[in-house]
Amino acid sequence: MGGPVVLGIESSCDETGAGIVQDGRLLAHVVASSMDEHARFGGVVPEIAARAHLQAFNPVVREALDRAGLRPGQIDAVAVTTGPGLSGALQVGLAGAKTLAYAAGVPLYGVHHLAGHVAADTLARGRLPRPSVVLIVSGGHTSLLLVHDLVREPILHLGDTLDDAAGECFDKVARILGLPYPGGPAIDRAARDGDPRAVAFPRPLTRPGDDPYAFSFSGLKTAAARWVEDHRARGAQVPVADGAAALQEAVADVLTRKALAACAAHGVRTLVVVGGVAANSRVRALAERRCASAGVELRVPPMTLCTDNGAMIAAVGDLLVRSGADPAPLDVSVDPSAPLEYAALTPVARTPARAA
């Protein structure tokens, strides 16, 4: 007989995800994206995202249960993203998860969204070696972490982005180049026909004396914008493919250079790259090459688990249940800007004090 069956719910941004995990094994996962509804605005609109979660929640959960061959009464625990993310979107997921947990009479676990990305890799390759260096790289986050035990110990931040995240840089430059939203996949596609050496874009925070693990992509975005403006001011056609390839190369170079430096400094032999930008072809290829040269094992989740999904939240929930962690309190709320300190995230809404 298997261990507890955990249903995970993800609704932090524009994907409504439901995943089911048992003993570290993925039984099913389903994602409904509202990305097309946001594309005409060039970015995610919070109100549209929240409404899309409301519409997708029940169908996504039902389909995940159907794929796993389970009934709601066969779920032993529910895990849900409680932050960070869009407040309205998080509230929809939490309300639905509370309802499911209450109806089934099972415990509820609050999960930090970024810990979910880290746990996504465990669904394909099992528990992370201890310690591991983890590079989280997505539309809103770029961080280097030192992880010992994902659900039992604090997560050490080696470095974070000081401004734009890598995925945010891709989105903004894609718009400048006239490419569609989301920018990451569009940049990746355009770069296939470009020369990564055509433009000498800067490598931010890689000079001697710079913080070795901090990231900054705002200046890179500005450099790309000025390069485009220069072409247009001269009436010259913008070589979009070259610009995309050079930008992608700069981002991949900085990410992998700093990640391997962290592995060397801390004597770690495993690098885990997670988050939406982990799906970028150049980031993956350069990480593979540099890890092989350094004798470091590279772990990257399957493409379907790189972007936001409920499976990764269920994976954290599964680890929490098996570790004997306490469930979330009944009044658990959301924290849209929660820092990543622990995998479990169970903030409680505070009632504002009344004025005297």
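**Ground rules.** I am working with a predicted model, where local features need pLDDT of at least 70, side-chain atom pairs count only at pLDDT 80 or more, and totals for chains, interfaces and linings use all residues. Residues are numbered from 1 along each chain as its sequence is written, and side-chain values use heavy atoms, with hydrogens and water left out.

**Entry 1: aromatic pairs.** I searched the whole structure and found two aromatic pairs (Phe, Tyr and Trp rings, for Trp the six-membered one, with centres within 6.5 Å; stacked under 30 degrees between planes, edge-to-face over 60, tilted for the rest). Helices (H or I, at least four residues) and strands (E, at least two) are DSSP runs, numbered from the N terminus.

I then looked at phenylalanine 215 and phenylalanine 217: their ring centres are 6.2 Å apart and their planes at 15°, so this pair is stacked. Lysine 258 lies over the face of phenylalanine 215, 5.9 Å from the ring centre (NZ of Lys or CZ of Arg within 6 Å of the centre and within 35 degrees of the ring normal).

**Entry 2: buried or exposed?** Phenylalanine 201 is buried at 6%, and tryptophan 227 is buried at 16%. Phenylalanine 215 is buried at 0%, and phenylalanine 217 is buried at 0% too.

**Entry 3: the cores.** The largest nonpolar core holds 51 residues, and Phe201, Phe217 and Leu247 are among those with the most contacts inside it (a core is a set of buried Ala, Val, Leu, Ile, Met, Phe, Trp, Tyr and Cys joined through side-chain atoms within 4.5 Å). Helix 9 (240-266) is one of the elements that each supply at least two residues; the largest share, 13 residues, comes from helix 9. Apart from this core lies another, of 33 residues, including Ala79 and Val272.

**Entry 4: valine 137.** I found valine 137 in strand 6 (residues 132-137), buried at 0%. Beyond its neighbours within four places in sequence, valine 137 is in contact (heavy atoms within 4.5 Å) with residues including Thr142, Leu255 and Gly275.

Terms used: Buried means under 20% relative accessible area, exposed over 50%, partly exposed in between (1.4 Å probe, protein chains only).
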